[in-house]
Amino acid sequence: MSSSGGGFLSKLKALDAYPKINEDFFTKTMSGGIITIVASVVMVLLFLSELRLYLTTKSVHELSVDVGRGEKIQIHFDLTFPKVPCSWLSLDAMDISGELHLDLVDHDVYKQRLSANGSPVKEVEKHNVDATKKAAPVNGSENATAVATCGSCYGAEDKQGDCCNTCDEVRAAYRRKGWALANVDHIEQCAHDLYTESIKEQVGEGCHMWGMLEVNKVAGNFHFAPGRSYQQGSMHVHDIAPFGDAVIDFRHTINKLSFGAPYPGMKNPLDNAKAGYSSAAATGMFQYFLKVVPTSYSSIDNKTLATNQFSVTENFRDAQGASGKTLPGVFFFYDLSPIKVRIVEHSSSFLSFLTSVCAIVGGVFTVSGILDAFVYTSTRLIRKKMELGKFS
């Protein structure tokens, strides 16, 4: 039994690819020590570099045709208008499908009044045109609200018997007809209108406006402009008559603008952008043309985020241009790209990292061995020649 065991062990010894040499036959040199130190430093540096790559998450970009249908886009915005009061400012959105949102009452949009020096004036309020409604007495009676009354719509009734008991109801009736209500002095319901009062009260103030819009995934635009808006046939009109000849300066700062939730490393080109500050009065139309690119981001833990990137070009039209008077405001025109970008996070596998480390150690060890052998052989040859030269 022992003889068979010894035979097996001897066979294992015969397979040894790393035969050992007696230490008495080793020759250690100064050049070999230097090469060993340099090789060790190189191996450590390469190992740390490979470890950093192993721990770093990489992103791969893939392109494909966007086949999504019937989807929505969330537009997150945050703008500051230092020269436009909140009561003067309205936000509308429309798209090529025909969907129209006037003054965006049903969206998460908020306003903060700012003083002339930029400090907040009042608490934050939700953007809502209903906030300016006030039931004023009709026909001069203070107790008219206690009795069922029916105020006149001044010719803008949709059908006989329609009532307009507040100034905003009169304005709404005029909008439905496509008429502009240029002068409210003769409108009895507007005698105590908060909208008119707020226009006068907030002269010289600014406005901070932010929130979120949800729109169809088709081309469209949203814009910040002065006055209440309405449709006159196929035309979108803003009623700027209440402001008279006031200069409406639409210089602004875009604190944030994004089409969807952000992903790690995402950069939006209009964040913290400023416009109109170089001129004394920026009275005109600021236009931003956006190309929105649908984007899908898959994190390393297999969570997928559907969002959008965008590129932008800018244009400014003066209020008194060659084509006539231009509505002042800030307009964002967006269009959808048919190409979708898919960003996938991934990291190197441990086996790949281990393979690279083995290649580094083996490669440096081999190269340093070759270099050491070359230096050692060259040194011996030089010494021999020098010795032969002395004897001759």
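The protein contains 5 helices and 18 strands, where helices (H or I, at least four residues) and strands (E, at least two) are DSSP runs numbered from the N terminus. The model is predicted, so to speak of local features a pLDDT of at least 70 is needed, side-chain atom pairs count only at pLDDT 80 or more, and totals for chains, interfaces and linings use all residues. Residues are numbered from 1 along each chain as its sequence is written, and side-chain values use heavy atoms, with hydrogens and water left out.

Of the 392 residues, 36% count as buried; here buried means under 20% relative accessible area, exposed means over 50%, and partly exposed lies in between (1.4 Å probe, protein chains only). The protein exposes about 23,500 Å², of which carbon and sulfur atoms supply 59%. These accessible areas come from the Shrake-Rupley method with a 1.4 Å probe, and for residues only the protein chains shown count as cover. Among contacts (heavy atoms within 4.5 Å) with a separation of 6 or more, 75% are accounted for by residues 24 or more positions apart.

Turning to the cysteines, the count comes to 3 disulfides, a disulfide being a pair of cysteine sulfur atoms within 2.5 Å. One of them joins Cys-86 and Cys-207, with the sulfur atoms 2.1 Å apart. The torsion about this S-S bond is about 100°, so the disulfide is right-handed. Because Cys-86 sits in the loop between strand S2 (72-81) and strand S3 (89-95) while Cys-207 belongs to strand S7 (residues 206-216), the pair ties together parts that are 121 residues apart in sequence. Both ends are covered: Cys-86 is buried at a relative accessible area of 3%, and Cys-207 is buried at 0%.

The other links fall within a loop between strand S6 (125-126) and helix H3 (167-177). Cys-150 and Cys-163 form a disulfide with their sulfur atoms 1.9 Å apart, and a torsion of -100° about the S-S bond makes the link left-handed. These two cysteines are 13 residues apart. Cys-150 is partly exposed at 45% relative accessibility, as is Cys-163 at 36%.

Cys-153 is joined to Cys-164, with an S to S distance of 1.9 Å. This link is right-handed, with 95° about the S-S bond, and its cysteines are 11 residues apart. Cys-153 is buried at 2% relative accessibility, and Cys-164 likewise counts as buried at 2%. Elsewhere, Cys-358 counts as exposed, at 52% relative accessibility.
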